[in-house]
Protein chains: 2
Amino acid sequence: MSIKPIVYKDGILLMIDQRLLPVQETWLEYTDYQGVAEAIRTMVVRGAPAIGVAAAYGAAFGARDIAAVDIEAFYPPFEKVCDVLAATRPTAVNLFWALDRMKACARRHKGKTLSELKQILLAEAHEIAREDEQINRTMGAYGEPLIPAGARILTHCNAGALATGGYGTALGVVRAAHEAGKVAMVYADETRPFLQGSRLTAWELHKDGVPVTLICDNMAGYLMSQGEIDCVIVGADRIAANGDTANKIGTYSVAVLAREHGLPFYVAAPLSTIDLETPDGSQIPIEERDRREVTHVGDRQLAPEGIGVRNPAFDVTPSRLVSAIITEKGVVTAPYEPGLKQVKKEG
Amino acid sequence: MSIKPIVYKDGILLMIDQRLLPVQETWLEYTDYQGVAEAIRTMVVRGAPAIGVAAAYGAAFGARDIAAVDIEAFYPPFEKVCDVLAATRPTAVNLFWALDRMKACARRHKGKTLSELKQILLAEAHEIAREDEQINRTMGAYGEPLIPAGARILTHCNAGALATGGYGTALGVVRAAHEAGKVAMVYADETRPFLQGSRLTAWELHKDGVPVTLICDNMAGYLMSQGEIDCVIVGADRIAANGDTANKIGTYSVAVLAREHGLPFYVAAPLSTIDLETPDGSQIPIEERDRREVTHVGDRQLAPEGIGVRNPAFDVTPSRLVSAIITEKGVVTAPYEPGLKQVKKEG
């Protein structure tokens, strides 16, 4: 049973503080949408699907606290709640997908009483969370046959239980392959600057008994050149209509290295990550985060004052470097444009 | 005037503790060869040419303290001193080159008195240090024409003044290009796990007024894909006869990315780094260092207990990915085997 990073209980949203892992397991409590928005912005919760789930609960909390006199007066402040949640992070499309779904749900139930509508929106958030874990298990089943027996799998960042409603996207496929007895080793890139690989991926796989070895991001090419990696699997924050994939910074470099060594490079992501409105990767906004994430680890200063710093949080892997995209409606391969359209239609 | 990391004064070797930079500038004092060996092993001093210089002084200290009754009795304990120094680190060939040079010097002066020989060995260490800085300035002059005006240069690890007797190898070329007004920006890979890029390269370039921007190792590919890098220049720890180049872990990945984006990838290294005895990169021993360098930054734990960790300190870039090797006898391009033989002969 893999960890669930987001748990709703009696009007409170509990989220494990992912900034403190693996040293401390601290659960933070959220009771309003502003708190949830701040948790997304500051990366208490991260990972595209998990951000979607958290935002859905944030929208439900916001709805609950709207003191409207009638149902018509409810919609404008609810839009504002969703706008605040949408402004937290720009790249992961699941955030916008979840909020659009909450807004559509609200519109669909115009005929209800205000109190009924608030209940329905909370139920919708529960449904988004429940579906997300189910989707990951389905993706795991679709992806597992792609993994060879005795596989030594490289992954980047954390596309695991902690990044989702549970089980994980890329790590969901890894878990399914492990359950099938096929995983010899998972190599986890540490994933600077936020260290999702060392802090989160290594932690959740080790906890579940999956063999895991930590490496620095710059060691992946060396291991590939030594024949120590069989395939790569990562998650995604947004997949454009042509299959170009935005994911954690460094994913693109891993994809180039995989191609150089003739290794398959897989992306596992739910349909909610596929954004047909974005034609290609050049249109995906790339978040630049604070320089301090690069210059410090905790309070410890790693770099001199006064220098320039870049901190793009994501990069785009062109679809030509992607061997397959694993979704809950099956595995899509090139040409991606019609394939992605097809699975979205089925979803 | 760039910093010199190794300074001899009145029988004492002063070395800046590179583990404490950029936060503290602490100079440690060494008075015997065992101390110098420990400083190399624990990376108080690092960088292939600087290791060579430090080892030469270590050998001179060892020689000075040998209580032999005559010159014949001197050689066996001197061999032992050199063996201890040689056992500190396996990859950088400059270490063995410097010790071989000290041993050859000792043999060449068999006819001297013991006291004269000890003086001669100290003078030889001074000469190695002095030559090293001079060589770097010559390399800078040879390499500077390769750098385009307005260059945005990527470098990995620290092949700077701190890695040498002064001025630097790769950063020597950068300094020469900066003196020629050609450097728009140096992008420094932070270089996990030891962070030579953020701690040392950013520090010494900023100190010298060279514009520098720090990035995480996994951001280099993204910047290249955005057209923000014009060329790459790195140092080397050992260059095999066929041009295969061992350098800090991650160099190989940068070279693959440079090729993918059509960017020149330059190596700057003195002749003492070229090892014609090693036919190709597969024969270069790769040091694996302690797991704690990856799992911790200072006392701060970044990864859970009980997982596997890999920590190769170097990788090998095949010569087909190297655009040119800059030496103090000129710029060598493919085919490397005859070119490297030629410059070694001239050296």
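1. The side chains of A:Arg192 and B:Glu190 meet in a salt bridge, with 2.6 Å from N to O. A salt bridge here is a side-chain nitrogen of Lys or Arg within 4 Å of a carboxyl oxygen of Asp or Glu. Between chain B and chain A the count is six salt bridges.

2. On the basis of the note: this is a predicted model, in which local features need pLDDT of at least 70 and side-chain atom pairs count only at pLDDT 80 or more, while totals for chains, interfaces and linings use all residues. Residues are numbered from 1 along each chain as its sequence is written, chains are lettered from A and ligands numbered from 1 in the order in which they are written, and side-chain values use heavy atoms, with hydrogens and water left out.

3. Chain B is superposed on chain A by a rotation of 180° with 0.0 Å of shift along the axis, at an RMSD of 0.0 Å. The two copies are therefore related as by a two-fold rotation axis. The same surface serves both copies, since 100% of the contact residues of chain B recur in chain A. The superposition is by least squares on the C-alpha atoms of residues with pLDDT of at least 70 in both copies.

4. In the chain pairing, 56 residues of chain B are in contact (heavy atoms within 4.5 Å) with 56 residues of chain A. Chain B and chain A bury about 4,400 Å² between them, 65% of it on carbon and sulfur atoms. Buried area is the accessible area (1.4 Å probe) that two parts lose on being put together, summed over both. In chain B, the residues that lose the most area to chain A are B:Asn218, B:Tyr222 and B:Arg310, together 17% of what that side buries.

5. There are also 22 residue pairs in polar contact between chain B and chain A, both residues at pLDDT 80 or more. A polar contact is a pair of N or O atoms within 3.5 Å; within protein, one must be able to donate a hydrogen and the other to accept it, and residues adjacent in sequence count only if both atoms are side-chain atoms. Elements of chain B that each supply at least two residues of the side touching chain A include α7 (196-207), α8 (220-225) and α9 (251-260). Helices (H or I, at least four residues) and strands (E, at least two) are DSSP runs, numbered from the N terminus.

6. Within chain A, the domain assignment gives domain 1 (6-137) and domain 2 (146-346); such bounds come from an automatic or database assignment. The C-alpha centres of these two domains of chain A lie 25 Å apart. The area buried between them is about 2,600 Å², of which carbon and sulfur atoms give 56%. In domain 1 of chain A, A:Arg46, A:Thr91 and A:Asn136 lose the most area to domain 2 of chain A.

7. Two salt bridges are found across this domain interface of chain A. A:Glu287 forms a salt bridge with A:Arg89, the closest N and O atoms being 2.9 Å apart.

8. Some backbone points deserve a look. The peptide bond from A:Leu21 to A:Pro22 is cis, with omega near 5°, and A:Pro22 is in the loop between β2 (12-16) and β3 (27-30) of chain A. The bond from A:Arg192 to A:Pro193 is also cis, with omega near 0°. A:Met43, a residue other than glycine, has a positive phi, near 70°.
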